[in-house]
Amino acid sequence: MKTAEALLCDHLEALRVRGLSPSTLRARARAVRAFFARLEKKDARAATRADVRAHAAALLAAGTGPRTVRAYLLDLAAFFAWAETVDAVLVNPCAGMDLPACPDVLPRRVLTAPEVARVLAQPDTGTDKGR
């Protein structure tokens, strides 16, 4: 039986071999480690859907935005889906979970017409670099 950390290392290596970016690997590692740190369990097989829900609720209660919580849960779900395919867990506790809703957000500020004109005037389209 491997610890959650050992499974995570194997998962990250599998992702690295597939060519995922270092920032993706760091985000995945951060999300999975945060979950297991809150859970205080070393065995991924012990994780339950209730644990995942409690983790999401704790993140939201701590002021983490819904988009960030959603991203964490997607990373966690991907980790457990992989763990399920390599028979490290019997059940993916994230399978079929509802993710936090993310409200549509409009930009806080829109450029004015003179600002748009100034931005569009910047490139020199007469050069290769400006095309």
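A salt bridge is here a side-chain nitrogen of Lys or Arg within 4 Å of a carboxyl oxygen of Asp or Glu. By this criterion the structure, a predicted model, holds 6 salt bridges.

**View 1. Salt bridge between K2 and D10.** The side chains of K2 and D10 meet with an N to O distance of 2.2 Å. K2 has a relative accessibility of 44% and therefore counts as partly exposed. D10, with a relative accessibility of 32%, likewise counts as partly exposed.

**View 2. Salt bridge between E5 and R33.** The closest N and O atoms of E5 and R33 are 2.6 Å apart. Because E5 belongs to helix α1 (residues 4-17) and R33 to helix α2, this contact ties together parts that are 28 residues apart in sequence. E5 is partly exposed, its relative accessibility being 36%. R33 is also partly exposed, at 39% relative accessibility.

**View 3. Salt bridge between R16 and E13 within helix α1.** An N to O distance of 2.6 Å characterises the contact between the side chains of R16 and E13. The two residues are 3 positions apart in helix α1, so about one helical turn separates R16 from E13. A relative accessibility of 46% places R16 among the partly exposed residues. For E13 the value is 37%, and E13 too counts as partly exposed.

**View 4. Aromatic pair of F35 and F80.** The structure holds 6 aromatic pairs. In one of them, F35 and F80 adopt an edge-to-face arrangement, with 6.1 Å from centre to centre and 90 degrees between the planes. The pair links distant parts of the chain: F35 is found in helix α2 (residues 22-39) and F80 in helix α4 (residues 66-85), 45 residues apart. Both F35 and F80 are buried.

**View 5. Aromatic pair of F79 and F80.** F80 also pairs with F79. The ring centres of F79 and F80 are separated by 5.2 Å, and the angle between their planes is 70 degrees. F79 is buried, as is F80.

**View 6. Aromatic cluster containing F35, F79 and F80.**

How values were computed:
Residues are numbered from 1 along each chain as its sequence is written. This is a predicted model: local features need pLDDT of at least 70, side-chain atom pairs count only at pLDDT 80 or more; totals for chains, interfaces and linings use all residues. Side-chain values use heavy atoms; hydrogens and water are left out. Rings of Phe, Tyr and Trp (its six-membered ring) pair if their centres lie within 6.5 Å; planes under 30 degrees apart count as stacked, over 60 as edge-to-face and the rest as tilted. Helices (H or I, at least four residues) and strands (E, at least two) are DSSP runs, numbered from the N terminus. Buried means under 20% relative accessible area, exposed over 50%, partly exposed in between (1.4 Å probe, protein chains only).
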